[in-house]
Amino acid sequence: MNPSTRSPLTWAVHLSVLLLVILWTMPTAGLLISSLRDKDQLAVSGWWTALATSSRNDVARAPSADSQVERDGKFVISGNLLEGRGGGQISAFGFSSREHGKFKAGETAELNDGERLTVQGDGSFEIVSDTKMEGSRGQRIFYTAATPPRFTIDNYIEVLSAAGIGTSFLNSLTVAIPSTVIPILIAAFAAYALAWMPFPGRAILLAVVVGLLVVPLQMSLIPLLQLYNGVGAFFGVPAKTYMGIWLAHTGFGLPLAIYLLRNYMAGLPREIMESARVDGASDFDIFVKIILPLSFPALASFAIFQFLWTWNDLLVAIVFLGAGEDSLVLTGRLVNLLGSRGGNWEILTASAFITIVVPLIVFFALQRYLVRGLLAGSVKGG
Amino acid sequence: MQLLAAILTMIVGVLACAAYFWATNFILDWIFPSKGLSGAAASRNLRITNAIRPWLFLAPALFALTIYLIYPVVQSVWLSFHDRGGQSFVGARNYNWMINDGEFRQSIFNNFLWLLVVPALATFFGLIIAALTDRIWWGNIAKTLIFMPMAISFVGAAVIWKFIYDYRAEGSEQIGLLNAIVVAFGGLPQAWITLPFWNNFFLMVILIWIQTGFAMVILSAALRGIPEETIEAAVIDGANGWQIFFKIMVPQIWGTIAVVWTTITILVLKVFDIVLAMTNGQWQSQVLANLMFDWMFRGGGDFGRGASIAVVIMVLVIPIMIWNIRNATKESGGH
């Protein structure tokens, strides 16, 4: 406010906002960071440690006695503990799970039967024996390795190629785009009629639209499903089609669209329309040539709302499109993955990020219109 | 391929729509021409077209609203008095069953918990953040970041938070943030979402996280709309920051706070995705919308019971609906 209030209080404001921002962004940040981490690291350490070198205890088995070679009269088995395990640095090793750290890297350990084991920091090891070694199973070596942070897009590659996410991504687009565009035109005409054309019953109709804004979607599901089944059986077409879900989203989105657009159009200056009418323009001309271009901000904000809502929707999609493998949208796919791959965080985090990336792009690119729309239509309940 | 078909259908649909509006208007003007006619006939025709045209503009919207919203409401009420297949009339048996059903009562209880906690906290945080961010130069960046969860689907948010609530057995390293913090302070890790009663609150956090941004945006605009003079007068009278905020600013935006509150309340009544994705109603976290979905589609489906639960949700919404309608008609009364 005024400069004289610059005081510890100002710092408190800065700090508390910072704290709130961190609190609100951290969940999403955690998801994004996790989805980019190596899946072995993701499973054993928190994402907040992603930048730190992680140390892990592991076990490897040396090759069996068959692979020993004779060198200078001694028998040697050699290899590398970290081979195929993503590299790292070994700090200590031992022979049992309780003795991960008994010997430092580079030291030579004496095994009970006269064999000597040396493990280097880079993972290479040698078992040396004076006599020929026997036994079909190799020596188990327990070690502590420090792994540098690793980031990879492997999780995304895995998810996009295997889990059906690609198909679902397309399904979501197929649902969301027409469901966004179709209601706009219908609503714009209706909104114009409600804003600028006098007719008996206009006030009642407007009240009905406002009332319908809050009708729970759940009410519609069973009757519409029955209706769709009936129509489908009558015409011999499947009941669950894209056409059906587009129209459903259109119906559910219309109250908000009409309400938003009517409020906006009612606020346009009356003089423009009257002078056009004096010039002989019909309502249709006025609407198409004057109102529609002027209403662009309102149309844009509704479009964003409707797109976010249809893209993020789960209920309408599983009811009217079904939960079949080919017809699942992204949100439905994610719910399925939560059930079937609940512990595989590398799959879940990457899939979740793929499902939220499109709305996030829309959000950041068009936030201005979104805010404007919210302010105009804050009666609607999601 | 499929996307192409969708875009094609969309273009066809939009064109058909445009064609409808254009053609009906053209026909109307053709049947009742107002140009090139003498006075009386022209004004008679003009009157007729003016009476018909609004309905041409409204027809598709009214049609869609009737099929997709009004008819289902009526039909749901009708179905709620019928048996599972919707064939024979059973009177109030579905409602009777409901009152005696433990899971339904659990859902009602949980829904009321949600209704008490979520709108209150989301509005409260929204108000605080709106007031704080208006005072600092990077307020808009902060707002954007807090508003961002709004773009995330409930299911996406559920995954994000499930990761935070993730539980590993005691002794192994926790990868869930909440348990990691608890363990760091010497506590025992918990499987948060399986704790009856308390798990409701862990699910509510998700919705609060999403909705605070909405509350913040609306309330921030309302706070800016407060006339400067009232605040200046309070400053001159020696009011401190708290007094200005709670006694001068907040009372002036009660109307907006009420709008935010009711909007979130309606959303809460419909909450479904979060519960489905997090617990699916297990561990006593069931809510009405998810219970209804259960009765509709699982175990063969019982449309009568499903519809009666939907009617309960509808009844809970009606007071807010009436309040909204009264506000809206008051606003547009002058127009």
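The centres of domain 2 of chain A and domain 3 of chain A, taken over C-alpha atoms, are separated by 63 Å. This is a predicted model, in which local features need pLDDT of at least 70 and side-chain atom pairs count only at pLDDT 80 or more, while totals for chains, interfaces and linings use all residues. Residues are numbered from 1 along each chain as its sequence is written, and chains are lettered from A and ligands numbered from 1 in the order in which they are written.

**Chain A**

- Chain A is divided into domain 1 (25-52), domain 2 (54-147) and domain 3 (157-376), with bounds that come from an automatic or database domain assignment.
- The unreviewed UniProt entry annotates "transmembrane region" at residues 12-33, 175-196, 203-225, 245-265, 286-308 and 347-366 of chain A; positions follow the numbering used here, feature names are shortened, and annotations may be inferred rather than shown by experiment.
- Residues 175-196 of chain A are 100% helix and 0% strand, with end C-alpha atoms 33 Å apart; helices (H or I, at least four residues) and strands (E, at least two) are DSSP runs, numbered from the N terminus.
- Residues 347-366 of chain A are likewise 100% helix and 0% strand, and their end C-alpha atoms lie 29 Å apart.

**Chain B**

- Chain B has 14 helices and zero strands.
- Chain B is more spread out than a compact globule, because its radius of gyration of 27 Å is well over the 20 Å that the globule rule gives for 335 residues (radius taken over C-alpha atoms; rule, 2.2 Å times the number of residues to the power 0.38).
- The C-alpha trace of chain B spans about 90 × 70 × 50 Å along its principal axes.
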